[in-house]
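Keep the model open beside you and find each residue as it comes up.

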Amino acid sequence: MKYIIGIFGLIVVLGLAWITSTDKKKVKYRPIVIMVILQFILGFILLNTGVGSILVGGIANGFQLLLKCAGEGVNFVFGGLVNANQFTFFIGVLLPIVFISALIGILQHFKILPFIIKYIGLGLSKINGMGKLESYNGVAAAILGQSEVFISVKKELGLLPEHRLYTLCASAMSTVSMSIVGSYMVLIKPRYVVTALVLNLFGGFIISSIINPYTVTDEEDILVIQEEKKQSFFEVLGEYIMDGFKVAVIVGAMLIGFVAIIAMINMIFKGIFGISFQNLLGYIFSPFAILMGVPFSESIPAASIMATKLVSNEFVAMTSLATIHLTTRTTAIVSVFLVSFANFSSIGIISGAVKGLNEKQGNVVARFGLKLLFGATLVSILTATVVGLIV
């Protein structure tokens with residue numbers, strides 16, 4: 001039964017993308033079919049095989065070591081603020097972002113990350129049928145983050161037509177920044193984080209290829225990676241450390257605001273309607289949860305977590321997920337759904353990032369903001385549906 005529901009859910013997700021397509025006649029079905037098959041193959045390897053367990057375990061252990069190193073710095077500055085055997089979200093989850101960001105800066109300075117991103121992107125362009133710029137941006141967004149990625153393609157931004165700009169922004173919203181992956185692994189199982197990262201990369205290309213199909217000519221398909229201004233090693237290190245700290249503080253501030261607002265709305269809804277706002281959202285989103293493979297008995301609490309992520313952010317949803325008991329399969333489906341930047345606040349973040357580099361294009365992004373969120377949410381649903389068929 002789960003396979004029938006899952007396949008139907010897959011058809012619904014792809015169908016919703018097709019219905020909203022800007023040019024149905026230009027949709028390239030062959031690359032889409034190949035990428036969907038790759039999603040199933042890679043998802044199965046990561047979740048159901050010994051090789052996948054070793055790979056995910058290696059990545060998780062690597063991040064555990066990095067988080068341990070980050071803990072040394074955090075404890076040196078803030079250690080006295082936390083009681084023994086106590087956990088503080090800001091100190092334990094957010095502040096390690098500072099160290100991971102610094103590490104990314106080091107890899108950027110020595111041209112290691114640009115090399116990896118460029119050639120993985122070029123390889124992907126042979127599979128997805130899209131331009132080199134789109135493929136590069138998809139990989140870069142998964143490492144650098146939804147704001148920082150646009151700096152690396154600054155030269156191209158002003159030259160891009162709206163349809164290509166949409167694809168770049170959709171990739172940025174569908175993925176997550178490598179600097180906060182370690183923080184996710186504290187809140188949900190690492191294998192779900194790694195699986196979502198891989199599947200979302202292809203999912204972003206699949207949904208964009210349907211919603212926003214086009215062909216890039218050889219003349220248009222030029223990739224000029226923006227070179228950062230020459231800085232010394234310690235200038236780069238200091239800059240990325242401060243960027244990481246800003247991200248940690250901003251995420252912390254947003255969590256305070258969103259959690260408090262949701263608590264207030266829940267209190268109001270309970271007082272007036274006898275049901276919390278999150279439970280109400282659960283009823284509204286439960287059909288999508290069922291199509292993703294969540295059992296009917298767990299669809300409302302699972303959908304409530306999904307909706308919380310959409311209206312607030314993934315950190316709020318992940319902390320909510322930890323407070324409820326779901327079966328292993330439902331936890332896997334919901335967990336991979338949460339690993340992306342697809343939420344309302346990301347519309348402002350992405351349009352603001354682009355506007356800071358090119359005001360005209362920033363206004364264009366703001367105009368298709370809701371369509372961008374719709375596409376990125378479909379990517380998360382697609383990934384969760386694939387996982388629901390695998391686990």
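Start with helix 2 (residues 29-48) and helix 11, which pack at an angle of about 175 degrees with their axes 10 Å apart. Axes here are lines fitted to C-alpha atoms, for helices over the stretch in contact, and angles run from 0 to 180 degrees between N-to-C directions. Helices are DSSP runs (H or I, at least four residues), and strands are too (E, at least two), numbered from the N terminus. Helix 2 and helix 11 are therefore roughly antiparallel. The scale is simple: under 35 degrees counts as roughly parallel, over 145 as roughly antiparallel, 65 to 115 as roughly perpendicular, and the rest as oblique. Helix 2 makes the contact with residues including I32, M35, L42 and L47, and helix 11 with residues including R191, V198, F202 and I210. Contact means heavy atoms within 4.5 Å.

A word on the source: this is a predicted model, where local features need pLDDT of at least 70 and side-chain atom pairs count only at pLDDT 80 or more, while totals for chains, interfaces and linings use all residues. Residues are numbered from 1 along each chain as its sequence is written, and side-chain values use heavy atoms, with hydrogens and water left out.

Stay with helix 11. This helix covers residues 190-211 and has 22 residues. From first C-alpha to last, helix 11 reaches 31 Å, close to the 32 Å expected at 1.5 Å a residue. The expected span is 1.5 Å times one less than the number of residues. Helix 11 also has a kink of about 30 degrees, centred on N200. The bend at a residue is the angle between axes fitted to the seven residues ending there and the seven starting there. How many residues of helix 11 are buried? The count is 19 of the 22, so helix 11 is largely enclosed by the rest of the structure. Buried means under 20% relative accessible area, exposed over 50%, and partly exposed in between (1.4 Å probe, protein chains only).

Now move to helix 3 (residues 50-78). Its 29 residues should span 42 Å at 1.5 Å a residue, and its end C-alpha atoms are 39 Å apart, which agrees. The buried residues of helix 3 are G52, V56, A60, F63, L67, A70, G71 and V74. What covers them includes helix 2, helix 4 (89-94), helix 5, helix 10 (181-187) and helix 11.

Helix 5 (residues 96-109) holds P96. P96 counts as buried, at 5% relative accessibility. Not counting residues up to four places away in sequence, P96 touches L67, A70, V74 and I91. Three of these names, L67, A70 and V74, are also among the buried residues of helix 3.

Follow the chain on to K111, in the loop between helix 5 and helix 6 (112-128). Most residues other than glycine have a negative phi. K111 has a positive phi, near 60 degrees. K111 is partly exposed, with a relative accessible area of 44%.

Helix 6 contains I127. I127 is partly exposed too, at 30% relative accessible area. Which residues does I127 contact, leaving aside its neighbours within four places in sequence? They are P31, I34, M35 and L38. I127 and M35 are 92 residues apart in sequence, and their C-alpha atoms are 7.5 Å apart in space.

Helix 12 (residues 233-273) is the place of D243. V249 lies in helix 12 as well. V249 is partly exposed, at 35% relative accessibility.

Finish at helix 18 (residues 359-367), where Q361, G362, V364 and V365 are buried. These residues cover an arc of only 155 degrees around the axis, which puts them on the same side of helix 18. The arc is that of the directions from the helix axis to the C-beta atoms. The face turned away from the buried side carries the exposed residues E359, K360 and R367. The buried residues of helix 18 pack against helix 8 (154-157), helix 9 (162-174), helix 17 (344-357) and helix 19 (369-390).
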